[in-house]
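Here is a briefing on one protein chain. Please look over the sequence and the model before reading on.

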Amino acid sequence: MARSRLVCGLCFILLWVALAFAVTDARVPATTEAGGFGFVYTRSKGRCTPQFWSSRREAWPKMAPQRSSVSKIFGSQVMERFRAELTLLEAAERNDEAGDAFARLLKQSTASLLNSYSRKGFPYSAWEVKTLLIQALVSEEAAALQADRFAAANHACN
């Protein structure tokens, strides 16, 4: 009888400790920068990144359909840098942005635009995203700087 109480007590303590770790870990992002997984549960790497939007795990905002051309959404000025028939989905899926500030700007701008429509509290409005993209097309330095700003907002967003 005493032994079963001891075993039952130990099981209760272990369960309590496990739950404490689960609650603590739930507040910390489960994936690390290296791609490892958390202790109790896992989740995808950010709900606001270009990778998330290109995965099509969530419906896109009606104001910016996946098959809309970048030039129709952002304005005709983007046709100077990108092909006219490039879609928003293709812009989010791009993997050629390494070393190309303009490609990175477009990829991060697309995610920021989608976030501005679908995430409350996102720091940029849709109008600001469109305007800042057009303004950043003047040089590679401006494009890289604005891409970094959009990337920071996209990664900080929930």
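A residue counts as buried when its relative accessible area is under 20%, and as exposed when that area is over 50%. Arg119 has a relative accessible area of 7%, so it is buried. The model is predicted. The chain has seven helices and zero strands.

**Overall build**

- From the N terminus on, the order of elements is α-α-α-α-α-α-α.
- The chain has 158 residues, and 38% of them are buried.
- Among contacts with a separation of 6 or more, 51% join residues 24 or more positions apart.

**Nonpolar core**

- The largest nonpolar core holds 34 residues. Val70, Phe74 and Leu105 have the most contacts inside it.
- Helices α2, α3, α4 (88-93), α5, α6 and α7 each give two or more residues to this core.
- The largest share comes from α5, with seven residues.
- In soluble globular proteins, nonpolar side chains tend to be buried together.
- Leaving out residues up to four places away in sequence, Leu105 touches Leu133, Ala136, Leu137, Ala143, Gln146, Ala147 and Phe150.

**Packing of α5 on α7**

- Helix α5 spans residues 101-118 and helix α7 spans residues 140-156. They pack at an angle of about 35°, with their axes 8 Å apart.
- Their crossing is left-handed.
- The α5 side of the contact is made by Ala101, Phe102, Arg104, Leu105, Gln108, Ser109, Ala111, Ser112 and Asn115.
- The α7 side is made by Glu140, Ala143, Ala144, Gln146, Ala147, Asp148, Phe150, Ala151 and Asn154.
- By type, the residues of this contact are nine nonpolar, six polar and three charged.

**Arg119 and its surroundings**

- Arg119 sits in the loop between α5 and α6 (126-136).
- Which backbone oxygen does the side chain of Arg119 reach? That of Arg47, at 2.6 Å.
- Arg119 touches Arg47, Cys48, Phe52, Trp53, Glu58, Cys157 and Asn158, with residues up to four places away in sequence not counted.

**Trp53 in α2**

- Trp53 lies in helix α2. Its relative accessibility is 1%, so Trp53 counts as buried.
- The side chains of Trp53 and Asn115 are joined by a polar contact of 2.9 Å. Asn115 is also one of the α5 residues that meet α7.
- Setting aside neighbours within four places in sequence, Trp53 contacts Arg47, Cys48, Glu58, Ala59, Trp60, Pro61, Ala111, Leu114, Asn115, Ser118 and Arg119.
- Trp53 and Ala92 are 39 residues apart along the chain, and their C-alpha atoms are separated by 6.8 Å.

- Thr49 is found in the loop between α1 (2-26) and α2.
- Is Thr49 buried or exposed? Thr49 has a relative accessible area of 2%, so it is buried.
- Thr49 touches Ala111, Asn154 and His155, not counting residues up to four places away in sequence. Of these, Ala111 and Asn154 also belong to the contact of α5 with α7.
- Arg56 is in the loop between α2 (50-54) and α3 (70-74).
- Arg56 is not a glycine, yet its phi is positive, at about 60°.
- The relative accessible area of Arg56 is 45%, so this residue is partly exposed.

Conventions
Residues are numbered from 1 along each chain as its sequence is written. This is a predicted model: local features need pLDDT of at least 70, side-chain atom pairs count only at pLDDT 80 or more; totals for chains, interfaces and linings use all residues. Side-chain values use heavy atoms; hydrogens and water are left out. Axes are lines fitted to C-alpha atoms, for helices over the stretch in contact, and angles run from 0 to 180 degrees between N-to-C directions. Helices (H or I, at least four residues) and strands (E, at least two) are DSSP runs, numbered from the N terminus. A crossing is left-handed if the near helix is turned anticlockwise from the far one by less than a right angle, and right-handed if clockwise. Contact means heavy atoms within 4.5 Å. Ala, Val, Leu, Ile, Met, Phe, Trp, Tyr, Cys and Pro count as nonpolar, Asp, Glu, Lys and Arg as charged, and the others, Gly among them, as polar. Buried means under 20% relative accessible area, exposed over 50%, partly exposed in between (1.4 Å probe, protein chains only). A polar contact is a pair of N or O atoms within 3.5 Å; within protein, one must be able to donate a hydrogen and the other to accept it, and residues adjacent in sequence count only if both atoms are side-chain atoms. A nonpolar core is a set of buried Ala, Val, Leu, Ile, Met, Phe, Trp, Tyr and Cys residues joined through side-chain atoms within 4.5 Å.
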